[in-house]
Amino acid sequence: MESLYIYEKAPAKINLMLDVLHKRNDGFHEVEMIMTMVDLADRLTLSNSGTGRISLSSQSGYIPLDDKNLAVKAARLLKQRFGVNRGVHMHLEKRIPVAAGLAGGSSDAAAALRGLNRLWELGLSMTELEELGAELGSDVPFCVRGGTALATGRGEKLETIPNPPRCWVVLAKPPINVSTADVYGGLKAAEIAVHPSASGMREALEQGSFNRVCAGLGNVLEDVTLNLYPDVRRLKEIMEQLGSDGVLMSGSGPTVFGLVAKEEKAKRICNGLRGFCEEVYAVRTLG
Ligand SMILES: C[C@@](CO)(OP(=O)(O)O)[C@H](O)COP(=O)(O)OP(=O)(O)OC[C@H]1O[C@@H](n2ccc(N)nc2=O)[C@H](O)[C@@H]1O
Ligand SMILES: Nc1ncnc2c1ncn2[C@@H]1O[C@H](COP(=O)(O)OP(=O)(O)O)[C@@H](O)[C@H]1O
């Protein structure tokens, strides 16, 4: 049996580009996204519970600890699918802001899948874990895999592509709760005027060109969230005025991120933002 405690890091993602092609008959939207991990992460510790039970604790007061938690859902899925008798206690140190467009919950689910595969010695491949992840949420397969990927379908079909050049990512999360379903629901896919280019962003990454990555940033969900919440639009403008090299809203929002080449500038932008937004982080791209 593996050691008693297993530790998994659950990093946040940002979307470097996000395009919606059309709405599908199953209610989901067909997307083309390029996602990458950043070094703002939750920490999940897993240990044998001694009983067959699944339980979760956390220092955070902002997440459910019952069956609604995506890490608990991941554990239930594995337990049922593979007839596991053993239980688990998970402790989640939550650092990624909740409902922020940073896939915190999805990354916790992915960390639970990876960690339980080890703790319960299930011997599942990464591909199998990604397929199980797709049953929990569209962003979970990417969070299982990590790195940088082009995601298609509803987000679950993945192709790994080169990581962005190492740079600073300034994240600013305004105190607004955004529902992903509402943002997709507010999008009129047929009326999208400008579609960001997945192939252009992919080429920028293949060339390792920071300037081209910044120029190619685009997210068709941005207009929906910016129209619903003018404070997010204002935050984006401030990030631009403070001199970020590229600025975009991540996922369905409301987190806005700025890509910045130089450390001193990233720190300056963070300081400049503090008057407008409480939750501000300067982190690095992973990879
Ligand atoms: C927008 C994105 C971009 O990475 O991320 P977040 O802002 O949530 O981080 C994702 O597409 C979100 O993925 P995720 O949060 O896993 O979504 P899910 O739980 O699968 O779906 C939540 C709801 O969003 C809508 N949805 C989601 C994905 C998709 N391709 N089309 C959709 O229409 C559906 O209404 C669905 O019921
Ligand atoms: N482990 C978890 N961490 C964060 N949120 C979770 C978790 N499990 C379930 N949720 C629920 O999922 C919703 C979306 O959270 P999150 O994944 O942080 O945001 P997003 O989808 O915007 O990236 C929240 O409303 C929250 O209640």
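**Chatting about the shell around ligand 2**

Q: Hi! Which residues are closest to ligand 2, and how many surround it?
A: Hello! In this predicted model, ligand 2 is surrounded by 19 residues. Asn69, Leu70, Gly104, Gly105 and Asp108 are the closest.

Q: Nice. Which helices supply at least two residues each to that shell?
A: Helix 1, covering 70–81, and helix 2, covering 104–119, each do that.

Q: And which helix gives the most?
A: That would be helix 2, which contributes four residues to the shell around ligand 2.

Q: What classes of residue are in the shell?
A: Nine are nonpolar, eight are polar and two are charged.

Q: OK, zooming out a bit. Where does ligand 2 lie relative to the domains?
A: Ligand 2 lies between domain 1 (5–160) and domain 2 (168–284), because both of them give residues to its shell.

Q: New topic! How many helices and strands does the protein chain have?
A: The protein chain has ten helices and eleven strands. Its radius of gyration is 19 Å, close to the 19 Å from the globule rule for 287 residues, so the chain is as compact as a globular protein of that length.

Q: What box do the C-alpha atoms fill?
A: Roughly 55 × 40 × 35 Å, taken along the principal axes.

Q: How much of the chain is buried?
A: Of the 287 residues in the protein chain, 48% are buried.

Q: Last one: what about contacts between residues at least 6 apart in sequence?
A: Among those contacts in the protein chain, 72% join residues at least 24 apart.

How values were computed:
Residues numbered from 1 in each chain as written. Chains lettered and ligands numbered in written order. Predicted model: local features only at pLDDT ≥ 70, side-chain atom pairs only at ≥ 80, totals over all residues. Near = placed C-beta within 6 Å. Nonpolar A, V, L, I, M, F, W, Y, C, P; charged D, E, K, R; others polar. Domains from an automatic or database assignment. Rg over C-alpha atoms; globule rule 2.2 N^0.38 Å. Buried ≥ 20, exposed ≤ 12 C-beta atoms within 10 Å, placed from the backbone. Contact = placed C-beta atoms within 7 Å.
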